[in-house]
Amino acid sequence: MTQRYVLALDQGTTSTRCIVFDRHARLVGLAQRAHRQRYPRSGWVEQDAMEIWRTVERIVPAALRDAGITVEQVAAIGIANQRETTVVWDRETGVPVRPAIVWQDIRTEELVERLRKAPGAHRITELSGLPLATYFAAPRLRWLLDHVDGLRARAERGEVLFGTMESWLIWNLTGIHVTDVTNAGRTLLMNLATRQWDEELVRFFDIPRAMLPRIEPSTGDFGTARTVAPGVRIGAALGDQHAALFGQTCFAPGETECTYGTGGFLMMNTGADLIRSEHGLLTTIGYQVGPDPVYALEGPIAVTGSLVQWVRDIVGLIATAPEIETLANTVDDNGGCYLVPAFSGLYAPHWRSDARGLLIGLTSYVTKGHLARAVLEATAWQTRDVVEAMNADAGLRAQSLRVAGGMAANNLLMQIIADVLGVPVMRPLVTETVSLGAAYAAGLAVGYWPDLQGLRRNWRVAAQWVPQADRSVRDEEYERWQRAVQLSVGWARPAGGAST
């Protein structure tokens, strides 16, 4: 019998990769290609959606060649994607009307401030589970409708379509305009309880319904590919962090994972309970397999890996990213200095778009090693901020943290996080957890894997770090971190203006 495989498309912020997995969740083929980020103005971040699609056209055949298989051996395709990045394209030609607006983009600050004062704004979090913020897709879509000549009229006539990146890729693969609950739930337009577009939210943001995709569970039938992998079923679509939760097999309430990439994204499974956060987190759908969703609490951190890139490329403290660990290992502590990387504000649990980066506690004693240590500790302290909020909201305590992403390769950082949280930190054998989660979900949809327990058996620990530091010392340091965070807020606020 010919062996079959599952293919994962992981459309990320800076690159897109295609990975082929076998039944034992082993990576047997890989292709990856970067795409450009554009910064046309301060606070603007854009991508060429056509460039991303052309990348997919190249990497899928390349991954199949790398695996030594044919498209006929692919059982299903799963898609994971950067969330909130917004694309609007012509229904007939498939050409985007403007460059995609990336999730990091903050051009909608003024619009969001205006909407906060509009009637009905208080209902947004109740209905969507999310705060009104520049982070999400609806303000970006509204901005496009307001700033592209004739776009609103075309949208009302059904001539243009909106989607986040999974919708864009599925449409190009199959011609079907569809999204899943995890991505729809990041727009500010979906009702978290009904898992459908909410009429009140759609009216509030003034979005024409004709341009919105159909919402489906995370696994199912998203159509059959007509190109790139013709004849193969698209079995799953999930936002990247939801795919990571799934790939880490966090299937029980309280199980928590974090993917450390450009930013950091922590997610805690809360089961069937829709817990509305009172501590600055996002209430979201973790995933939906079958008729009922699994909910989650999420805490996004804007800057983690990108802080190391900044120290390398802008400051010049290191020549390569791995050097940050070597340099930080030359000292035993941060020398009293703290770095708050609020380059474009703070995300969870603070949600302060008026915060800006801050380096404090400098003395003549502080060396390059101490600065490198402060860079790593910034990720650890932000992680603790989110985990403390999760524990308070969920009435659960995270007993461990499963980690993945590029920064999870930094052993010193993983030990610092274990010390800061006071719980074990575990890195799995397969670190491509976003891609693996997409593959798992697609495989479940077509019966390639039988059930969730079968997926659990594939999960293996590659490395584990247990707390070693004195807890009272870490608590004192955490108090100083919190003071530094408070000092960082308000910098971007106009004189006499209100904070966000």
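Q: What makes the place of threonine 55 a helix place?
A: Threonine 55 is in helix H1, residues 49-67. Helices here are DSSP runs (H or I, at least four residues; strands are E, at least two), numbered from the N terminus. By the way, this is a predicted model, where local features need pLDDT of at least 70, side-chain atom pairs count only at pLDDT 80 or more, and totals for chains, interfaces and linings use all residues. Residues are numbered from 1 along each chain as its sequence is written, and side-chain values use heavy atoms, with hydrogens and water left out.

Q: Why does threonine 55 count as buried?
A: Its relative accessibility is 1%, and buried means under 20% relative accessible area (exposed is over 50%, partly exposed in between; 1.4 Å probe, protein chains only). So threonine 55 counts as buried.

Q: Which residues is threonine 55 in contact with, leaving aside neighbours within four places in sequence?
A: Those are Thr16 and Arg33, where contact means heavy atoms within 4.5 Å.

Q: What is the volume of the largest cavity?
A: About 80 Å³. A cavity is a set of points on a 1 Å grid over the protein atoms alone where a 1.4 Å probe fits but cannot get out, and lining residues have an atom within 4 Å of a point. Volume is the space filled by probe spheres set on the points, which are joined across faces, edges and corners.

Q: Which residues are closest to the centre of the largest cavity?
A: Of the 14 lining residues, they are Leu346, Tyr347, Ala348, His350 and Gln382.

Notes:
1 Å grid on protein atoms, 1.4 Å probe; cavity = no way out; pocket = protein on both sides within 12 Å on 5 of 7 lines; lining within 4 Å.
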